[in-house]
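This report describes parts of a predicted model. It begins with a sheet and then turns to helices and a loop.

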Amino acid sequence: MPANHLADLTTIIEDLDSAGRISHVTSEVDLDLQLAGVAAKLEGKPNAVMFHNVAGHEAPVFAGLYWSRDLLAHLLRRDEHELPQFVSGCIEQWQRSPVDPVVVDDGPILQGQSGLSLSDIPIPVHAQKDGGPYFDAGVVIATDPETGVRNASIQRFMVVDDRTLHVNIDAGRHLGLYLDKAREQKKSLFISINCGVGPGLHFAAATPAEAAPPDTDELGIASVFQDAPLELVKGKMTPTELVANAMYSIECEMIPGELGDEGPFAEVTGYYAKCEPRPVVRVRAIHARPNPIFQTILSGAEVWNSVGLLGEANVLATLKRQIPGVQDVYFTHGGCGFYHAVVSMQQKRAGWGKQAIMATFAAFPPLKMVTVVDDDVNIRDASDVEWSMATRLDAKAGIVTIDKVFGHGLNPGFPDYLGTKVGFDCTRPFPHSYEYDRADYRNVSLDDVVISNCAPGAQIADRGTDLQSADSSSTDSAQLTAHTAVAQTEKAQLQTGQVQADVTDNSAMSPGQAGSMHNMSMQTGSMQTMSMQAMSMQTAGSAHSARQGGLVLLVGKEGKKKYQRAAFDLFIDLEERTISSDVSFAFERARTAAEFVATLSAYRGRFSYLVLISGKKRGGVHFADELSAMDGLALGKLISTVCQQDSIQVILPGYLESMKRRARDLSKGKAISDVVVVDRSNSPDWTASLLDGYFRCLGSEGRLEVALKDSMPPAGRASAGIWKDGKAFTRIES
Ligand SMILES: Cc1cc2nc3c(=O)[nH]c(=O)nc-3n(C[C@H](O)[C@H](O)[C@H](O)COP(=O)(O)O)c2cc1C
């Protein structure tokens with residue numbers, strides 16, 4: 001038997017119990033509505049539940065294995081947010097190198113009681129109007145009558161009498177396909193229903209057809225999860241295969257065309273599924289392993305977290321292949337776990353939000369709604385998603401509807417599996433202007449903060465750089481006044497080229513936090529500050545050991561749309577290519593002089609190269625207004641003081657002629673070794689290639705000119721200049 005705890009429900013239960021994650025109900029409960037009623041009260045809580053004292057039965061009943069993502073994360077030894085990625089990784093591994101199940105001679109399922117009838121199993125009646133006792137946690141194993149390929153799926157079965165079940169098979173299910181094939185061959189279809197199996201097999205059974213087509217043995221997915229081949233034994237009465245370590249296995253025969261009333265049943269949608277004629281299942285033999293535990297599933301959160309999680313995993317894998325910038329996917333619980341997908345993406349091109357909507361629908365047909373948001377939105381927080389919709393959705397252009405399309409028949413909006421689907425593109429316009437940037441607060445630690453009368457039990461949210469909603473209304477006016485004062489001081493310093501003091505030590509900040517640096521500098525009055533000398537002492541050691549890194553900084557305010565757009569294109573182009581040299585790059589934006597300083601400070605001591613990209617203003621580079629008023633020398637000093645590095649290359653895309661003086665002055669800055677100026681009238685593609693070439697051949701100065709020329713694509717008018725020690729070192733024309 002495989003050692004992995006995911007292979008067997010007994011080891012799962014032991015594992016959870018030892019972690020205190022099972023609630024034990026020891027008082028007697030009735031199977032008729034009472035057990036499910038108690039379970040419903042505990043649904044979604046962090047613990048699963050074991051009913052030890054079930055009226056009329058020896059065997060306990062277990063529920064809730066999948067109703068909390070947190071519990072699932074514990075089970076899979078993963079962080080909750082990593083689950084879709086982890087699951088899609090397992091499925092991809094199976095697709096690359098499947099490990100088929102093995103049929104063994106014996107297993108626990110053949111070592112307990114046999115010759116049982118359905119009334120010997122503690123099968124509960126779930127909801128008030130349900131048509132009878134139901135079990136819906138059983139994994140059905142069937143074999144394609146034509147190809148012999150195995151399939152695993154989960155269906156709900158209504159108990160009609162001791163030897164008869166009626167089953168619900170949704171449209172498009174492989175079990176329905178097999179039944180149709182058996183009908184054509186005028187044969188019965190034999191299946192086994194395996195109740196109480198490990199999560200690996202449960203996930204294999206819930207894997208959507210889009211990821212596991214009918215010509216593949218999807219039982220192999222279980223082998224990946226449990227890290228060992230799934231073990232089966234042969235049925236005793238029928239040509240079926242049973243899961244060797246299931247709690248209960250039922251050998252059954254389905255005679256195609258034989259129908260009986262099934263339903264109503266409280267479904268995953270929160271509605272009752274209608275009573276209708278559905279396929280009859282004849283029980284031929286029932287086996288129980290020694291000391292069996294019956295597992296049941298309330299069709300709510302448990303289904304959202306199994307069918308939904310597997311759906312998420314498949315959508316994520318598909319989108320990552322097809323849509324640049326997709327980060328994450330979540331099937332919301334308000335959307336019944338598989339009707340509403342929220343997709344997070346970092347936009348790379350305009351229009352891809354809608355591409356993501358279409359690809360998501362194609363990857364998981366039961367979906368009715370798709371919402372696409374930017375990657376600064378927490379897709380697992382409904383109010384954050386709503387915020388994105390309320391502030392970013394263009395209600396005229398951003399809503400996509402598709403009429404009369406296949407959907408999920410259980411959804412009342414899809415009678416006969418036909419209905420309308422809707423996609424919401426809630427991404428910002430691309431490229432976006434600063435109005436669409438989230439307000440953010442400094443990520444402070446509350447360890448040293450004394451707070452009196454803090455409401456008992458109040459959650460103190462970390463509203464730093466995390467994806468939390470930012471409420472700027474709490475910013476008080478005193479703070480704003482301080483902000484203005486400091487910003488003005490900074491401006492004055494910048495204009496005189498004397499940026500010397502009062503820069504908070506942010507060297508511990510991670511790249512990406514630089515955006516919040518502006519806020520930090522506002523509060524310098526109340527915060528501990530250091531002089532540049534003190535900082536240089538502190539960072540002297542690290543300056544030499546700093547990694548080879550580069551900062552690409554998109555500077556400037558809106559300016560003329562056309563130029564800002566060209567600058568943005570170059571920025572995105574570089575970000576996508578992440579220049580293929582050994583240098584690792586960080587990408588940031590700075591719209592004001594204060595942000596410029598703050599960003600450089602945040603990366604102080606961390607980089608050797610600085611690429612400044614800006615929109616263009618006639619006659620010079622259009623930094624933030626204050627910066628464009630500075631002369632090159634002042635700018636050079638500023639860069640060299642905040643960067644604290646021995647050797648910084650600065651690359652400025654701008655008009656070559658107008659940049660000459662600035663470049664010469666810049667390269668006189670004591671820490672700046674060379675300045676490359678790229679003619680901004682060239683395409684982003686050309687500039688990106690040039691910078692790529694530049695970084696590749698750094699360190700081999702003799703070859704610089706040749707290498708740069710080789711790396712440059714042809715362009716009508718294309719030139720670049722390199723200044724060293726205030727002198728033009730080389731100039732390249734293409
Ligand atoms: C608890 C649970 C109950 C389910 N009940 C049904 C059901 O009654 N009928 C059905 O067609 N699918 C049901 N499903 C969904 C299918 O098992 C799932 O979509 C599976 O991937 C179908 O397998 P197939 O693609 O091999 O056909 C259920 C899933 C879970 C997790």
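An open sheet is built from five strands in the order β19-β20-β21-β23-β22, and its pairing is mixed. Strands β19 (326-331) and β22 (399-406) stand at the edges, each with a single partner strand, so one side of each has no neighbour in the sheet. On average, neighbouring strands of this sheet are turned by 15 degrees against each other, direction ignored.

In general, strands of a sheet pair through backbone hydrogen bonds, either parallel or antiparallel. Here, strand β21 (residues 369-374) and strand β23 (residues 418-425) run parallel and are joined by four bridges. Met369 stands opposite Val422 in β23.

Two helices lie across strands of the sheet, as the table lists.

| Helix | Residues | Lies across | Angle |
|---|---|---|---|
| α9 | 307-322 | β19 and β20 (340-345) | about 160 degrees to β19 |
| α10 | 352-363 | β19, β20, β21, β22 and β23 | about 145 degrees to β21 |

Another helix, α6 (residues 199-206), is mostly covered, with eight of its eight residues buried. Among them are Pro199, Gly200, Leu201 and His202.

The last topic is a loop residue. Gly235 lies in the loop between β11 (231-234) and β12 (241-243). Why does Gly235 count as buried? Gly235 has 22 other C-beta atoms within 10 Å, and a residue is buried if there are 20 or more. Leaving aside neighbours within four places in sequence, Gly235 is in contact with Ser192, Thr240, Glu241, Leu242 and Glu251. Gly235 and Ile286 are 51 residues apart in sequence, and their C-alpha atoms are 9.9 Å apart in space.

How values were computed:
Residues are numbered from 1 along each chain as its sequence is written. This is a predicted model: local features need pLDDT of at least 70, side-chain atom pairs count only at pLDDT 80 or more; totals for chains, interfaces and linings use all residues. Two strands pair if DSSP finds at least two bridges between them. Axes are lines fitted to C-alpha atoms, for helices over the stretch in contact, and angles run from 0 to 180 degrees between N-to-C directions. Two residues are in contact if their C-beta atoms, placed from the backbone, lie within 7 Å. A residue is buried if 20 or more other C-beta atoms lie within 10 Å of its own, exposed if 12 or fewer, and partly exposed in between; C-beta atoms are placed from the backbone.
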